[in-house]
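These are my notebook entries on one protein chain. I record what I looked up and what I found.

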Amino acid sequence: MEAMIERCAGLDVHQETVVACVLFGPLDKKPNTSIETFSTTTTGLLALSDWLTTLRVSDVVMESTGVYWKPIWNILEDSFHLVLANARHVKNVPGRKTDVKDAEWLAKLLRCGLIESNFVPPEDIRDLRDLTRYRKKLIHHRTSEQNRIHKILQDANIKLTSVLSDIFGVSGRRILEAILNGEKIETDGLRKMVDWRTKASITDIANAINGRIRRHHRDMLRYHWEHMSFLEQTIEELEKQIDQLLSPYRKEVELLDGIPGVNKAAAATFIAEMGVDMSVFKSAKHLASWAGVSPGNYESAGKKKRVKPHKEIKL
């Protein structure tokens, strides 16, 4: 294989250690090899950076191993050209599995230019990605708590969902809080709780909340309600931080927001996952493949077989 990089390094990353193999020398000759093992503590990674600098390494490759590659990336990204390899694309020959052999194999592939790097966005986009993904998780948790509240109401024979399209809207929240507090809801009080835009009549709503609620039901409702309120407060704080990180990308947000079916929350997710520099993708087809929305080719013996779209690893 034709060599393309004079001085490069392959890193086999683990939780506690990282094995580094450096290949260096003229491109037309067999390279020299230097192998060292470092700790993944900050002190150890700084020592790794100094060692690579001493050997005048220009390019470094590592596999996307869980989250263990991230601290190494954070230390080295300002000093070297880093390549993050998909583990499926750089498997070694079976029977040659050791930490040293893995690091050496990565270095050999990189030296010959045979590794295509995964997309790793800049630091501010990575921070935005963490926030948007966490917001998605919290929204799912909030929905789970709302479903549990619905289940408790059904168990207590309170049919509020039959008369209100959203029991967590303005009217529904007022009624639920009154039920939680053990209040006796009269017709006049119910009329004050229900928003004027509610289509159901006061009589229908009164019949729907006339259930068989016990102390146990109120306790369970309170646990779910308090957790849901905490999640909503956290989501609100997250959205403020997301809005701050999106300040430099207002123009991009407006362009994405103009797409039918895309709101500002979805625009933030697009930017967090893809970034704003589309030059990192070779073409629109490459972006679609990276996003996992296009199937691959699988042809054997002249027959094309059905292949599902493969979702790439998102880092």
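**Entry 1: the whole chain.** I counted the secondary structure of the protein chain and found 11 helices and 7 strands. Helices (H or I, at least four residues) and strands (E, at least two) are DSSP runs, numbered from the N terminus. I then looked up the radius of gyration of the chain, which is 28 Å, well over the 20 Å that the globule rule gives for 315 residues, so the chain is more spread out than a compact globule. The radius is taken over C-alpha atoms, and the rule is 2.2 Å times the number of residues to the power 0.38. Along the principal axes, the C-alpha atoms fill a box of roughly 90 × 50 × 45 Å.

The model is predicted: local features need pLDDT of at least 70, side-chain atom pairs count only at pLDDT 80 or more, and totals for chains, interfaces and linings use all residues. Residues are numbered from 1 along each chain as its sequence is written, and side-chain values use heavy atoms, with hydrogens and water left out.

Entry 2: Of the 315 residues, 39% count as buried. Buried means under 20% relative accessible area, exposed over 50%, and partly exposed in between (1.4 Å probe, protein chains only). Contact means heavy atoms within 4.5 Å. Among contacts between residues at least 6 apart in sequence, 58% join residues at least 24 apart.

**Entry 3: Ser171 and helix H5.** The side chain of Ser171 reaches the backbone nitrogen of Asp195 at 2.7 Å, and a polar contact of 3.2 Å joins the side chains of Ser171 and Thr198.

The buried residues of H5 include Gly172, Ile175, Leu176 and Ile179. Their cover includes helices H4 (123-155), H6 (187-193), H7 (202-208) and H8 (215-245). Just after H5, I found Gly182 with a positive phi of about 75 degrees.

**Entry 4: helix H10.** Which residues of helix H10 (residues 264-274) are buried? I listed Ala267, Ala268, Ile271, Ala272, Glu273 and Met274. The cover of these residues includes H4, H8, helix H9 (250-257) and helix H11 (284-290). At the start of H10, a side-chain oxygen of Asn263 comes to within 3.3 Å of the backbone nitrogen of Ala265. Just after H10, Gly275 takes a positive phi of about 75 degrees.

Entry 5: Most residues other than glycine have a negative phi. Arg56 sits in the loop between helix H1 (42-54) and strand S4 (59-63) and is exposed, with a relative accessible area of 58%. Asn157 lies in the loop between H4 and H5 and counts as partly exposed, at 40% relative accessibility.

Finally, I looked up Val120, in the loop between helix H3 (99-111) and H4. Val120 and Asn157 are 37 residues apart in sequence and 52 Å apart in space, C-alpha to C-alpha.

Note on methods
Polar contact = N/O pair within 3.5 Å; in protein donor to acceptor, adjacent residues only side chain to side chain.
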